[in-house]
Amino acid sequence: MVPEAPAGRRQFLKTCSGATVAGLAAGLSLPALAKAKPITLKAVVQHRNGESYKKWAWLQEQVAQRSDGRLAIEITTIGELGLGGSEMLRVLKSGVIDMAEVLPGYVASDFPMIEACDLPGISTSFDQSRHMYDVWTSNVVARHESVLGGKVISSFCWSTMFMYTKFPLDALTDFKGRKIRVFAPAQARFLTALGAEPVSMTTADMYPALQRGIIDGAITGTEHVKASSLWEVTRYMTNINIPPMGSYIVLGARSWARLPADLQQIFIDIGPALTDLGWKLGRDNDVLGFEYAREKDMVLTLEAKPQWVPELTRISSQDIVPWWAGRAGPQARKNFNEFLAPIVGYTLS
């Protein structure tokens, strides 16, 4: 009598036998079956809210189709992994994850150069921000793979950053003494220059902090009118020329090296279309956010008031950008003057 296999092994054998029979029935040899198992890349995203997340469903579908099923992407969120976002470059370098959304403001302490296009006051429109990102990505960010811990596959946009407040913003002096949520060092410096008291906190902490009066306002994107129910705890949604927040999809260097050349080429080929989609979805987030804000009777100021623009630009060009260049190292001024100065209209001395 043949001894019965343990239950766990029986299940394993049953599963393998079923897969083998199915494969043989489809005309695959045993070596072909071994090759048929897809390479699965683990991607970490910030959250699954808003229009921006749709790019991942598109990317999953595209890589599966273009690789004939040899490549798959499995998605999880930073919350599910217990991450905060600021450690993302270090995690990519470690090889623990394969792909990630990298937010410049979150990782600026590790790579200050990456933050240039998100500096408050540097851009005055969505289209200008996209132009800046395209130029900065190809000429600067993508050339720092050793710092990033991987290869830039695309840039994308979350949405335009707005100031959400409980109080009306009739003048820039209304910021004086107000506690405002920020999520990047440059935003903190910008708000300090306006007389406010910046308070760094995560997106998840915004709502309760506003509800309890711990803060008076918050900087965040248009998708959070609905996603974070900001309409319940703020009344005013104001543009103060904080640019649309761009970010990057980065494929870790170790994971990239493990991919066959033809699968690497899929990501190279797909990059431009993924970038276009990512920025389109950011604009869609704006449209939907504005619509929802109006539906909830928020007071919406779509463009920075003309009388504010000279002061906002002065703070950016004379304080924020030089401060950033000092943090980013000796190459920062040269890169800024060569690639961004022609777009923003001023140089760094």
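Trainee: Against which elements do the buried residues of helix 7 pack?

Mentor: The buried residues of helix 7 pack against helix 6 (104-107), strand 4 (150-157), strand 10 (246-252), helix 13 (261-295), helix 14 (309-328) and helix 15 (331-344). Buried means under 20% relative accessible area (1.4 Å probe, protein chains only), and packing here is contact, with heavy atoms within 4.5 Å. Helices (H or I, at least four residues) and strands (E, at least two) are DSSP runs numbered from the N terminus. This is a predicted model, in which local features need pLDDT of at least 70, side-chain atom pairs count only at pLDDT 80 or more, and totals for chains, interfaces and linings use all residues. Residues are numbered from 1 along each chain as its sequence is written, and side-chain values use heavy atoms, leaving out hydrogens and water.

Trainee: Which residues of helix 7 are buried?

Mentor: They are F126, Q128, S129, M132, Y133, V135, W136 and T137.

Trainee: Which residues touch the most other members of the largest nonpolar core?

Mentor: In soluble globular proteins, nonpolar side chains tend to be buried together. A nonpolar core is a set of buried Ala, Val, Leu, Ile, Met, Phe, Trp, Tyr and Cys residues joined through side-chain atoms within 4.5 Å. Here the largest has 91 residues, of which M99, W136, F175, F267, W324 and F336 touch the most other members. Beyond its neighbours within four places in sequence, M99 has contacts that include L41, W56, I249 and F267. A second, separate core of 16 residues includes F162, Y164, V225 and M237.

Trainee: How many residues of strand 8 are buried?

Mentor: Five of the five residues in strand 8 (residues 217-221) are buried.

Methods. Buried means under 20% relative accessible area, exposed over 50%, partly exposed in between (1.4 Å probe, protein chains only).
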